[in-house]
Amino acid sequence: MKVPKRLQPLVEDGLVDEVVSQLMSGKEAQVFVVRCGDELRCAKVFKEARQRSFKQAVAYQEGRKVRNSRRARAMSKKTRYGQREQESAWLNAEVDALYRLAEAGVRVPTPHGFVDGVLLMEMIVDADGDVAPRLDDVELTPELALEYHQRLIGEVVQMLCAGLIHGDLSEFNILVGAEGPVIIDLPQAVDAAGNNNAPWMLVRDVDNLRGYFGRFEPALLKTDYGKEIWALYEAGELHPEVRLTGRFVPDATLVDVSDVMQVIDAAREEAAERQAREQDDDEPAW
């Protein structure tokens, strides 16, 4: 196919030998299958801020550190330069999260470089070598639902041990590769220790998994892994090999009504965004 303008510099520099096909075009980015030597990879081309639609950036960005004080001041003033720096910081946050999680052993696409707003990464394939389907497009048995749920809960724990929360985890940004689930799309990854929204975002991620896999295995609907995981994290007792029960008994003396309302509002917004994704996105997501 014709080389897209944004990929032309990577071809000229020898990082990409051939653009094979377009895999998908979403609200945040376009993804292309490219050949690098003898290997097929994915090139995720991020759209410019004015073309993207991800909302609630402030809630996700809390706790992200900007080392350069001039950049931080510009970003806070919303100048044209500040907006450019804000955009750069947003994109770099996803790339940094991907490298950080891959190094921590979380099953995400292996990153291979980030150049001029283009992220080169592993192409996830199924057992037949074809592009892996999105979890939402796979029919599961109760046994497989239990297995995938358990594995993904383990990935969530491992992510949190690495200091990050996905922030938008659902069946729409998990691929089913040859060896099982692979977590994708991290523009909204949250710093667990530095973001006041981290507790309910973690619980929402886990509850999304419970709701989806509970369609195939209703017993999962009775579990409460999210609050259990966060309680262990807050107590300093969370580690990748922790044995979880799926049960959580809240302390009735510590109920905070504002926190409850925040969770309810977030759940409503998530439901609206998910409905919009289902209407607008008929192709596999990356």
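Here is a quick tour of the salt bridges in this structure. Keep in mind that the model is predicted. A search through the whole structure turns up eleven salt bridges, and a few of them are picked out below, along with how accessible their partners are.

**The R107 pair**
- R107 and E122 join their side chains in a salt bridge, with 3.1 Å from N to O.
- R107 sits in the loop between α4 (80-103) and β4 (111-115), while E122 belongs to strand β5 (residues 118-122), so this pair ties together parts that are 15 residues apart in sequence.
- With a relative accessible area of 29%, R107 is partly exposed.

**The E39 pair**
- E39 has R41 as a salt-bridge partner, and their closest N and O atoms are 3.3 Å apart.
- E39 comes out at 36% relative accessibility, so it counts as partly exposed.
- R41 counts as buried because its relative accessibility is 17%, and the cut-off for buried is under 20%.

**The R134 pair**
- Is R134 buried or exposed? R134 is buried, at a relative accessible area of 5%.
- D137, on the other hand, is partly exposed, with 47% relative accessibility.

**A linked set**

Notes. Residues are numbered from 1 along each chain as its sequence is written. This is a predicted model: local features need pLDDT of at least 70, side-chain atom pairs count only at pLDDT 80 or more; totals for chains, interfaces and linings use all residues. Side-chain values use heavy atoms; hydrogens and water are left out. A salt bridge is a side-chain nitrogen of Lys or Arg within 4 Å of a carboxyl oxygen of Asp or Glu. Buried means under 20% relative accessible area, exposed over 50%, partly exposed in between (1.4 Å probe, protein chains only). Helices (H or I, at least four residues) and strands (E, at least two) are DSSP runs, numbered from the N terminus.
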